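Here is a short briefing on aromatic rings and their partners. Keep the sequence and the 3D view at hand as you read.

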Amino acid sequence: MLTIYNTLTRRKEEFHPLVEGHVGMYVCGPTVYGDAHLGHARPAVTFDILFRYLRHTGYKVRYVRNITDVGHLEHDADEGEDKIAKKARLEEVEPMEVAGYYANRFHEAMQKLGCLPPSIEPLASGHIIEQIRLVQEILDAGFAYESNGSVYFDVEKYNHSHHYGKLSGRNLEDVINASRHLDGVGEKRNQVDFALWKKAQPEHIMRWPSPWSDGFPGWHCECTAMGRKYLGQHFDIHGGGMDLIFPHHECEIAQAVASQGDEAVHYWMHNNMVTIGGQKMGKSLGNFITLNQFFSGEHPLLTSAYSPMTIRFFILQAHYRSTLDFSDDALAAAKKGLDRLFEALARLDNINVAPEASLTEEFANQLEAKCYAALDDDLSTPQVVSLLFEACHTISALADHKTTINQKGLERLRSVMHTFTFDLLGLQNEAASGNAEREQAYSGAVDMLLELRAKAKSAKDWITSDQIRDGLSALGFEVKDTKDGATWRLAK
Ligand code: ZN
């Protein structure tokens, strides 16, 4: 039985979907105005594990992850320039070019990290109508007000009948105190109110008509509107990074309750933050490393390149609710660990079986049961990793003839190791795929030589033709002439 930690109730709960056999899961995706970094990789990998595990358990999962391409202002409050519009202005391109460019790069990076694509990936800019409808519903319910063409959520009024701050464990007073340093409330009745719709300034490019003004939706609206559209008024899981709990997800709860009368989400899940060398990651701190910089090693803080699978493995070695501190040393250690795992998997293919062996399928069954129990315990990937490492010891002992295993036991062990390493942890053997590429390259080269030989033959250039055949044969290739041309194989 899968148990997950629900941020809302602050305890681990048994997972029961709203509709038997089906799971609806929404994860906040990136705001596409820059290259993906570790802060993107961690939620992507965390919820990829959940997605894989739920599917493996037999659920039909609809996994929605949005792309924010409008409305995310520079200061997560309702101030500042739109992040994408600002980048577009600086680079003298269209905002949608910025969004398209970085969305593509995000997809590439996620694919390299072995993250399965979500079932639906909606764009905020493609759901303006749904967001306008949401704003209207909140206005109709009396929990929002219009001010100078913009619409704001009336937090104080909402808090009379509901608890604004329940997800982040705050009360309204805390929120008010925390925001007091900001001067002036401008259009808002109260500094804590948040924008549902913003009237666009004349220079603002991304704008849509609405009943209140030409403008754009507030950032928190998109996830409420798109979650509801694709997963229904009530759905199972909503996830994201811990930094989204407040204000983003807190506002989402308020919007759902204000518009439909009750909460939409059954389980809230949040992954903890990534630090680099113990420090918060930040552009101003000079420790901001993008995923592509990790993959290429081109950053002053890195002594070498780290492959996508090393990054994935490193993320999985920590529990998703713990902070994860990246350092060059820690990554180097993760690489060693990953190599060890794949070495063991390779050795598993060359083990002799014995009928009267000390290990039987019982060993693999126990390993499997423990790995499932670890994932059931709030997705404890570090436990799975350490169980796989323990199994690596046994595999070494088998390969070194220090212990024995029977046929059935070996088959089960192989299958369990493969299921957890590849299917559930989503790891890929990059070295092996490198071999495949090499093989493709050399067979391409042999084909090319045989084409040249065919050309030589048709030109009656027997010297060249024989030279190619004899050369290949000396290298261990058997070349056979048929009616349709030559075929080759590597003689054993
Ligand atoms: Zn969101």
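This is a predicted model: local features need pLDDT of at least 70, side-chain atom pairs count only at pLDDT 80 or more; totals for chains, interfaces and linings use all residues.

W488 is partly exposed, at 24% relative accessibility.

**The F477–W488 pair**
- F477 and W488 form an edge-to-face aromatic pair.
- The angle counts as edge-to-face because it is over 60 degrees.
- F477 lies in strand β16, which covers residues 477-482.
- W488 lies in strand β17, which covers residues 485-490.
- The pair therefore ties together parts that are eleven residues apart in sequence.

**The Y101–Y102 pair**
- Y101 and Y102 also form an edge-to-face pair.
- Here the distance is 4.9 Å centre to centre, with 85° between the planes.
- Y101 is partly exposed, because its relative accessible area is 45%, which falls between the cut-offs of 20% and 50%.
- Y102 counts as buried, because its relative accessibility is 10% and the limit is under 20%.

**Aromatic pairs and a cluster**
- How many aromatic pairs are there? The count comes to 20.
- One aromatic cluster is formed by F143, F153, Y158, Y164, F194 and F246.

**Charges over rings**
- R55 lies over the face of F51, at 4.6 Å from the ring centre.
- R340 lies over the face of F389, at 4.3 Å from the ring centre.

Terms used
Residues are numbered from 1 along each chain as its sequence is written. Side-chain values use heavy atoms; hydrogens and water are left out. Rings of Phe, Tyr and Trp (its six-membered ring) pair if their centres lie within 6.5 Å; planes under 30 degrees apart count as stacked, over 60 as edge-to-face and the rest as tilted. Buried means under 20% relative accessible area, exposed over 50%, partly exposed in between (1.4 Å probe, protein chains only). Helices (H or I, at least four residues) and strands (E, at least two) are DSSP runs, numbered from the N terminus. A charge sits over a ring if NZ of Lys or CZ of Arg is within 6 Å of the ring centre and within 35 degrees of the ring normal.
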